[in-house]
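This briefing turns to the aromatic ring pairs of a predicted model. A pair of aromatic rings is described by the distance of the centres and the angle of the planes.

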Amino acid sequence: MYRKYRQGWMKHLDFMIIDMLCLQIAFILSYVIRHGLQNPYLDMDYRNLAIFIEVADIAIIYIFETFQDVLKRGYYQEFAVTLKHSILIMLVAVLFIFSLKESTQFSRIVIFMTTPLYAFISYVQRIIWKQILKKYSLDINNRTLLIITNNGIAEDVVTKMKKNNYAGYNINGVAIIDEKREGDVISGIPVVADYDDVLKYVCREWVDEVFVKIDIPEIQAHDFLEKLVETGVVVHLGIAQEFETIGSKQIFERMGDYAVMTTTINYITAKQAFLKRMLDIVGGLVGTFFTGVLFVFIAPAIFISSPGPIFFKQERIGKNGKRFKMYKFRSMYRDAEERKKELMEKNRIKDGMMFKLDFDERIIGNKIMPNGEQKTGIGDFIRRTSLDEFPQFINVLKGDMSLVGTRPPTVDEWEKYELHHRARLSIKPGITGMWQTSGRSNITDFEEVVRLDTEYIKNWTPGLDIRILLKTVVSIVSRKGSM
């Protein structure tokens with residue numbers, strides 16, 4: 001799976017805001033202890049220092065990624081990270097003071113007392129806030145986790161994972177590999193699969209990550225884990241044996257009480273995830289604005305040619321099997337979905353894994369004249385110019401999609417997926433992607449689509465997204481120029 005570093009500070013803005021408040025509280029208390037009940041912000045020098053340490057706090061959070069895995073950390077690890085963060089702020093503050101000519105006007109007591117006070121207050125608030133998130137299920141990540149384990153240790157494993165669920169996973173099921181117990185419930189979590197059908201479950205349900213704690217022969221375990229990784233999910237293996245897989249990234253971390261080796265198709269940092277999401281938000285806002293402008297012109301043309309709704313929404317399969325409604329300007333007649341089955345024999349994509357026709361009469365205005373001439377209309381125009389895609393910028397703002405990713409399959413296409421096909425669902429689907437910019441009208445082999453999508457996932461960088469976006473713009477402009 002394309003592993004977005006989920007505990008980046010961008011994903012936990014609440015922690016950052018509260019942390020900044022704690023820093024100011026520690027600063028005020030230190031000033032009051034040294035100077036009495038006075039307002040430090042009335043002194044320009046201390047006011048500037050207060051502003052500077054907040055900027056330093058944000059910079060340290062971003063550069064050193066101190067909120068990385070914040071929800072997974074235990075008490076000791078959290079204390080160590082908080083203390084390191086506090087010392088870094090003190091060092092930066094001291095450097096700032098000694099760079100000023102008026103450095104003698106600052107009290108060293110204020111600076112050196114701020115550090116331990118901030119470390120204590122920040123540590124306490126982090127522990128409390130994590131407990132609140134855990135108790136009331138407020139974690140914004142909402143990631144699903146499947147536990148795969150043996151029958152003999154299932155109760156213990158599930159109980160520990162629930163008790164120490166720092167990352168706020170939605171544990172949606174347990175798979176027992178050595179017993180058939182589907183329908184049973186273990187510590188409140190349903191048993192959803194056994195060894196024979198767990199891979200099918202992963203391929204057909206919404207599963208973001210898998211925690212594996214198993215005891216089976218090494219050869220059998222290796223084959224099983226290879227197939228799990230092939231699906232594109234993040235696999236956390238409770239460390240009992242080593243496991244190597246070609247073309248995947250591996251890191252060691254903790255999940256609750258367990259040390260695990262995490263295997264993914266790709267790994268990106270919190271900073272990279274932040275940049276991708278910021279690009280999506282900016283692009284989504286701009287795209288949504290132009291969607292509104294286009295609506296004024298496109299809506300009447302669609303309605304006149306085919307009375308009915310202007311927007312078309314369809315259930316698609318998103319990241320790791322999560323379903324969502326994708327929006328488009330309606331470019332087809334209202335009975336297009338019913339007529340799709342009649343046209344499957346003309347599908348250009350092998351095995352029906354996707355659906356493309358050379359000339360689609362379901363598109364508004366498209367018809368074949370008695371003399372065999374093909375006539376087109378508004379539907380064909382907005383599809384060839386990709387104007388029908390603009391409402392998907394709303395999906396990007398909602399977080400269902402990204403500007404660049406893999407195209408989301410329909411439900412019927414998804415149901416035909418084999419294990420290796422599922423890997424293309426390990427990231428958010430995109431408005432554009434690598435296979436679209438590689439000549440989407442010429443690619444008729446779904447396996448080639450999967451290959452390009454997997455290549456994108458494995459080699460992702462912010463620069464790659466920008467290159468794909470530029471190629472998409474050039475492709476659209478060239479298509480308009482040839483009309």
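**Aromatic ring pairs**

Phe27, Tyr31 and Tyr46 are joined into a cluster by ring pairs. In this predicted model, the structure holds 12 aromatic pairs, among them the stacked pair of Phe52 and Phe96, which is taken up below together with the pair of Phe311 and Phe329.

**Phe52 and Phe96**

- The rings of Phe52 and Phe96 lie 4.1 Å centre to centre with 15° between the planes, and the pair counts as stacked because planes under 30 degrees apart are classed in that way.
- Phe52 is partly exposed at a relative accessible area of 25%, whereas Phe96, at 18%, is buried.

**Phe311 and Phe329**

- With ring centres 5.3 Å apart and planes at 20°, Phe311 and Phe329 also form a pair that is stacked.
- Phe311 is located in strand E11 (residues 311-317) and Phe329 in strand E12 (residues 323-329), so this pair ties together parts of the chain that are 18 residues apart in sequence.
- Phe311 has a relative accessible area of 38% and is therefore partly exposed, while Phe329 has a relative accessible area of 1% and is therefore buried, the cut-off for buried being under 20%.

Methods:
Residues are numbered from 1 along each chain as its sequence is written. This is a predicted model: local features need pLDDT of at least 70, side-chain atom pairs count only at pLDDT 80 or more; totals for chains, interfaces and linings use all residues. Side-chain values use heavy atoms; hydrogens and water are left out. Rings of Phe, Tyr and Trp (its six-membered ring) pair if their centres lie within 6.5 Å; planes under 30 degrees apart count as stacked, over 60 as edge-to-face and the rest as tilted. Buried means under 20% relative accessible area, exposed over 50%, partly exposed in between (1.4 Å probe, protein chains only). Helices (H or I, at least four residues) and strands (E, at least two) are DSSP runs, numbered from the N terminus.
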